[in-house]
Amino acid sequence: MSKWYSGQGNNSDVVLSSKIRLARNLDKVPFPCRMSNEVRKSVCRKIFAALQNSKFAGEFDLIELNSLSDMKKIAIAEKGYISPQMAKQNQYSAVLLSKDESCSIMLCEEDHIRLCVMCAGEDLKTAYEKADAIDNVFIESMRIAFSDRLGFLTSNPMHLGTGMKASLMLHLPAISERNMIDTLSAMVGKLGFSIKPMFSGNGDFYELSNEISFGITEQNAIDNLTAICNQIITQERKFRNELMEYSDFEDKIFRAMGTLKMARKLNTKEFLDMISLARLGVSMNAFDISYEKIGDMIHSLGTASIISEAQTEFTVDDADRMRAQYVRENID
């Protein structure tokens, strides 16, 4: 089955992916921070059973995190299926992961249910429709904590209301080259949104999200986020066209591609910085590589992901060599 990150969606030159996350809790059940391991296990199995008795039966696998090595937990956190905080938990917790990996459901992290749906490109509508369909299964089969005044009840008061966080993962090398990320962040912050670096700031990849979930409908949040995103897309494309006029920047892009094609070792920072420039080159028709292939590499080549997939013991140095080999083979 093809994975969601191997696809290409709307405005893929700037928007890598779209994400909808819903936070839900069972009524009259303590939040996970106050639950014993036995109660945690019982809640996780109850939620999994609700999905298994729905039209989504067989679509999800239950992964119990206490059965995984620390490296494997870090690897699935790298891919966004669980949070970094959940990867460090010592108490019982689990994640439900769909076959195409487009949907993950963290069980007993900060809330009982953290449902996340991903789509390639700019497509919050499709992501929300899938998330809403799964959410309805939980609402119809279990008592979900809800207040007529406050909306869905969550462990973090900031998530009260819809309990929804909508995000768009953006590639903004031209805006970054203009040193305008801080200005952009301040602007969207005044409108109730945030824009934050992905991958610890390596590469020019950013996540644009709504910060307000109370007193607003899910559709309004999605419409507002989409409107802001479209303005950013227009600005990024304008600046990219201007960058094409500078031979020094063109040289920078081709040097990055040369490094990716020839390097025998690539650490995470080098890889993300170089693949960001190469992806920009693709949008400028300088290179004949698909966004799907680049998306697959970004998703799959975290250090923990490489080490956890190895059949023998791997060091970080070995992972850097394997990453470089994988990139060479895929780009060539």
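This is a predicted model: local features need pLDDT of at least 70, side-chain atom pairs count only at pLDDT 80 or more; totals for chains, interfaces and linings use all residues.
View 1. Of the 105 residues in the largest nonpolar core, Ile20, Ile105, Phe138, Leu172 and Leu208 touch the most other members. Such a core is a set of buried Ala, Val, Leu, Ile, Met, Phe, Trp, Tyr and Cys residues joined through side-chain atoms within 4.5 Å. Numbering starts from 1 along each chain, and side-chain values use heavy atoms, leaving out hydrogens and water.

**View 2. The neighbours of Ile20.** Leaving aside residues up to four places away in sequence, Ile20 touches, among others, Leu115, Val117, Tyr128, Met164 and Ile222. Contact here means heavy atoms within 4.5 Å.

View 3. Phe249, Ile253, Ala256, Met257 and Leu260 are buried in α8. They cover an arc of only 95° around the axis (going by directions from the axis to the C-beta atoms), so they sit on the same side of α8. Over on the other side, Ser247, Asp248, Arg255 and Met262 are exposed. Buried means under 20% relative accessible area and exposed over 50%, with a 1.4 Å probe and protein chains only. The buried residues pack against α5, α7, α9 and α12.

**View 4. Helices α9 and α10 side by side.** Their axes, lines fitted to C-alpha atoms over the stretch in contact, come within 11 Å and cross at roughly 170°. That's why α9 and α10 count as roughly antiparallel (over 145 degrees). Phe271 and Ile275 are among the α9 residues that meet α10, whose partners include Tyr291 and Ile294.

Notes: Helices (H or I, at least four residues) and strands (E, at least two) are DSSP runs, numbered from the N terminus. Axes are lines fitted to C-alpha atoms, for helices over the stretch in contact, and angles run from 0 to 180 degrees between N-to-C directions. Angles under 35 degrees count as roughly parallel, over 145 as roughly antiparallel, 65 to 115 as roughly perpendicular and the rest as oblique.
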